[in-house]
Amino acid sequence: MTMVRSKTISIGGLIAGTAGLLLLSACGSESAPVAQSSSATPSSSAADTSAAPSVSSSSPAPAQQPAQGSGPAPKDDGLCKAGDVKLSVANGDAAAGTVYRKLVITNSSGHACTIQGFPGISYVTGADGHQVGEPAYRDGTKGEAVKLNNGESASADVGFVNVRNYDEAVCKPTETRGLRVYLPQETASNFVPLQGLGCAGKIPGNQLTVKTVHKGA
């Protein structure tokens with residue numbers, strides 16, 4: 001009777017020990033998901049961070065971006081430009097087949113500007129304003145610089161030859177609409193309406209002459 005109880009106790013102890021080992025094994029198996037969960041958290045956060053808008057350190061700073069309208073400003077040399085003036089032709093005197101008139105140049109820019117030398121002048125005609133014959137011949141020497149305040153005028157004497165004195169076959173008389181005028185040292189031109197008659201052909205002389213600009217109209 002005593003031996004049976006001892007075996008029962010031994011079997012019971014064995015069962016209890018086995019149950020303990022199973023319980024420890026179960027606890028050990030539960031620790032793995034916990035570790036995986038904690039290690040997955042940083043990768044999930046990194047994904048969210050990369051998706052969010054951010055400023056890269058390699059992006060140029062605002063100061064490095066080109067400013068609107070940057071670049072060197074046009075040089076202001078103080079000379080009168082085509083857009084600074086209004087032009088007109090005043091009546092003059094006639095002498096030996098040539099009529100002399102004044103090309104009046106009035107500063108309308110709102111600021112002072114300077115003009116010096118010979119204007120470039122030629123006859124033009126047609127809707128496209130094409131040139132008729134040779135441009136004006138420069139007569140005399142270059143004068144002094146003339147400073148024009150706003151509203152002041154300068155002028156240049158222009159000679160208009162009577163082209164009817166030339167052989168028509170050589171002159172090829174052509175009705176003109178006006179004058180194309182380039183101020184000294186200027187690349188843009190002005191137009192002055194003035195009906196007349198020019199030589200489209202090459203003549204032995206100058207259909208137009210111009211003198212240097214001087215102060216006053």
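In the predicted model, Val181 stands opposite Asn190 of strand E10. Strands E9 (residues 173-182) and E10 are paired in the antiparallel sense, and 9 bridges connect them. Both strands belong to an open sheet of 4 strands with the order E5-E4-E9-E10, in which the pairing is antiparallel. The edges of this sheet are formed by strand E5 (130-132) and strand E10 (189-199), each of which pairs on one side only. With direction ignored, neighbouring strands of the sheet are turned against each other by 45 degrees on average.

The mean pLDDT of the protein is 76, and 65% of the residues score at least 70. The highest confidence is found in strand E4 (residues 120-125), at a mean of 98, and the lowest in helix H1, at 41. Over residues 1-71 the pLDDT stays under 50, and for this stretch the model has 1 contact beyond four places in sequence. Strand E4, where confidence is highest, is also a member of the open sheet described above.

The structure holds 3 salt bridges. One of them joins Lys102 to Asp157, with the closest N and O atoms 2.9 Å apart. This pair links distant parts of the chain, since Lys102 is located in strand E2 (residues 98-107) and Asp157 in strand E8 (residues 153-161), 55 residues apart. Lys102 counts as partly exposed because its relative accessibility is 27%. Asp157, at 23% relative accessibility, likewise counts as partly exposed.

A further salt bridge is formed by the side chains of Glu134 and Lys202, at an N to O distance of 3.9 Å. Glu134 lies in the loop between E5 and strand E6 (137-138), whereas Lys202 lies in the loop between E10 and strand E11 (208-210); the pair therefore ties together parts that are 68 residues apart in sequence. With a relative accessible area of 44%, Glu134 is partly exposed, while Lys202, with 61%, is exposed.

The side chains of Glu152 and Lys215 also meet in a salt bridge, with 3.7 Å from N to O. Glu152 is placed in the loop between strand E7 (146-148) and E8, and Lys215 in strand E12 (residues 214-215), so that parts 63 residues apart in sequence are tied together by this pair. Glu152 is partly exposed, its relative accessible area being 27%. Lys215 is partly exposed as well, with a relative accessible area of 46%.

A charged residue without such a partner is Asp84, which is buried yet has no salt bridge. The nearest side chain of opposite charge is that of Lys81, at 6.9 Å; this pair does not qualify because a salt bridge requires a side-chain nitrogen within 4 Å of a carboxyl oxygen. Asp84 is found in the loop between helix H1 (2-51) and strand E1 (85-95). When neighbours within four places in sequence are left aside, the residues in contact with Asp84 are Leu79, Thr106, Asn107, Ser108, Ser109 and His111.

Terms used
Residues are numbered from 1 along each chain as its sequence is written. This is a predicted model: local features need pLDDT of at least 70, side-chain atom pairs count only at pLDDT 80 or more; totals for chains, interfaces and linings use all residues. Side-chain values use heavy atoms; hydrogens and water are left out. Helices (H or I, at least four residues) and strands (E, at least two) are DSSP runs, numbered from the N terminus. Buried means under 20% relative accessible area, exposed over 50%, partly exposed in between (1.4 Å probe, protein chains only). Lys and Arg count as positive and Asp and Glu as negative; His and the chain ends are not counted. Contact means heavy atoms within 4.5 Å. Two strands pair if DSSP finds at least two bridges between them. Axes are lines fitted to C-alpha atoms, for helices over the stretch in contact, and angles run from 0 to 180 degrees between N-to-C directions. pLDDT is the predictor's confidence in each residue, from 0 to 100.
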